[in-house]
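Below are some questions and answers on helix packing and ligand contacts.

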Amino acid sequence: MRMKIAVIPGDGIGGDIVAEALRVMGAVGEKFGHKFDFSFYLMGGQAIDTMGTPLPESTLLGCLDAEAVLLGAVGGAKWDHLKGDQRPEKGLLGIRSGLNLFCNLRPAILYAQLSGACPLKEEIIEGGLDVMVVRELTGGIYFGPKAISEDGESAYDTMLYSRSEVERIAIKAFELAMKRSKKLTSVDKANVLESSRLWRSVVNEVAKRYREVKLNHMYVDNAAMQLVRNPKQFDVIVTSNMFGDILSDEASMITGSIGMLPSASLREDNFGLYEPIHGSAPDIAGLDRANPLATILSVAMMFRHTFNLEEEALAVEGAVEEVLSAGWRTEDIMSEGMRLIGTKEMGTLVAQAIAGNKE
Ligand code: NAD
């Protein structure tokens with residue numbers, strides 16, 4: 001297969017970690033006989049410095065022309081003095097809405113090899129953890145009508161959802177649940193919010209098309225508690241923009257390592273943007289100290305969700321587990337008795353593990 005991919009390394013450690021993800025893609029290409037057409041684009045601070053805007057039109061057009069986007073991270077102290085629309089992070093919001101990426105997938109996976117990093121008691125997470133949060137990304141209270149009064153004494157935001165917005169995210173979540181353990185939890189606040197009552201009724205309607213999936217509904221306050229009390233009860237969670245923002249961060253903290261977590265933001269077709277959940281970590285940029293695994297695992301998500309290449313996705317995920325099992329660690333996940341390595345060596349070992357699996 002030939003895959004057309006837009007690559008945006010971004011700022012800080014972005015270049016370091018994306019380079020390793022590309023190395024791993026190279027190994028997958030070799031093993032499975034795929035070719036990649038990569039085009040590189042600027043976004044964030046680097047784009048501000050060279051083109052005067054965090055999201056140049058050429059970047060957006062380049063992404064629209066590709067089948068998938070691989071993004072590192074953007075931002076850094078150098079641009080912190082800038083205001084509003086000029087900040088690097090504005091590029092992130094712009095690209096998500098510009099590409100119509102309404103569905104955000106945030107897996108929270110606790111690898112058995114890293115269980116020591118989990119802040120929860122051992123008996124709660126025994127056997128590992130694998131929760132997928134499906135967050136609606138372009139609607140709800142972050143995008144509804146909002147205003148502050150002229151005297152600055154009051155302000156409002158509006159949680160607004162249309163039936164079609166809920167339906168399309170519900171379909172994505174049910175489809176995903178079908179590929180996993182056929183269990184879906186829809187999180188809302190239907191005891192209080194009208195928009196949540198609409199959310200729940202649309203999810204129930206979509207459920208009729210997926211009778212094999214076991215659906216339950218949960219209020220968001222309870223879901224926040226259950227995630228730390230008994231996270232293993234969850235497989236796929238689907239929820240609105242703001243609830244998903246909060247719950248996906250909570251779920252990722254349970255895994256204990258920000259350097260390990262990938263994400264995908266999807267459109268209605270298979271197009272997607274793939275990026276680690278962490279930021280540009282300017283404190284360790286260019287020092288060969290960043291953990292590239294979140295970006296490498298984002299590539300696995302790209303194979304799975306955009307290109308429907310499950311075997312390739314599993315090869316990448318399996319290689320990461322193999323390298324962790326052999327005791328190799330970047331410093332953010334280092335623990336006693338393990339072997340400390342840098343960004344490049346971690347990428348190289350994962351690539352080699354993929355090649356080594358070749359039969
Ligand atoms: P951050 O995620 O960049 O860093 C937080 C801490 O985690 C730092 O100590 C960093 O060294 C460490 N860390 C993060 N990723 C790591 C990795 N892969 N390997 C090892 N250690 C890692 O968050 P921050 O410090 O709050 O933000 C730094 C900059 O990144 C800011 O400008 C912020 O706006 C931006 N940011 C960008 C994104 C994005 O591009 N999606 C997301 C969050 C923050």
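Q: Is the crossing of α1 and α11 left-handed or right-handed?
A: The model is predicted, with local features needing pLDDT of at least 70 and side-chain atom pairs counting only at pLDDT 80 or more, while totals for chains, interfaces and linings use all residues. Residues are numbered from 1 along each chain as its sequence is written, and side-chain values use heavy atoms, leaving out hydrogens and water. A crossing is left-handed if the near helix is turned anticlockwise from the far one by less than a right angle, and right-handed if clockwise. For α1 and α11 the crossing is right-handed.

Q: At roughly what angle do the axes of α1 and α11 cross?
A: Helices are DSSP runs (H or I, at least four residues), numbered from the N terminus. Axes are lines fitted to C-alpha atoms over the stretch in contact, and angles run from 0 to 180 degrees between N-to-C directions. The axes of α1 (residues 14–32) and α11 come within 11 Å, and they cross at roughly 130°.

Q: Which residues of α11 does α1 meet?
A: Contact means heavy atoms within 4.5 Å. From α1, Val24, Val28 and Phe32 take part, and they meet Glu311, Glu312, Ala315 and Val316 of α11.

Q: How is α10 oriented relative to α11?
A: Helix α10 (residues 293–305) packs on helix α11 (residues 310–325) at about 160°, with the axes 6 Å apart. Angles under 35 degrees count as roughly parallel, over 145 as roughly antiparallel, 65 to 115 as roughly perpendicular and the rest as oblique. The angle therefore makes α10 and α11 roughly antiparallel.

Q: How many charged residues are in the contact of α10 with α11?
A: The α10 side includes Leu293 and Arg304, and the α11 side includes Glu310 and Leu324. Ala, Val, Leu, Ile, Met, Phe, Trp, Tyr, Cys and Pro count as nonpolar, Asp, Glu, Lys and Arg as charged, and the others, Gly among them, as polar. By class there are 10 nonpolar residues, no polar ones, and the charged residues number four.

Q: What is the handedness of the crossing of α6 and α7?
A: Helix α6 (residues 163–179) and helix α7 (residues 194–207) pack at about 50°, with axes 9 Å apart. That angle makes α6 oblique to α7. Their crossing is right-handed.

Q: Which residue has a backbone N or O atom 2.7 Å from an oxygen atom of the ligand?
A: There are 19 residues around the ligand (a heavy atom within 4 Å). The side chain of His278 has an N or O atom 3.1 Å from a ligand nitrogen, and a polar side-chain atom of Asp283 lies 2.9 Å from a ligand oxygen. The backbone atom at 2.7 Å from a ligand oxygen belongs to Gly279.

Key: Helix = DSSP H or I, 4+ residues; strand = E, 2+ residues; numbered from the N terminus. Polar contact = N/O pair within 3.5 Å; in protein donor to acceptor, adjacent residues only side chain to side chain.
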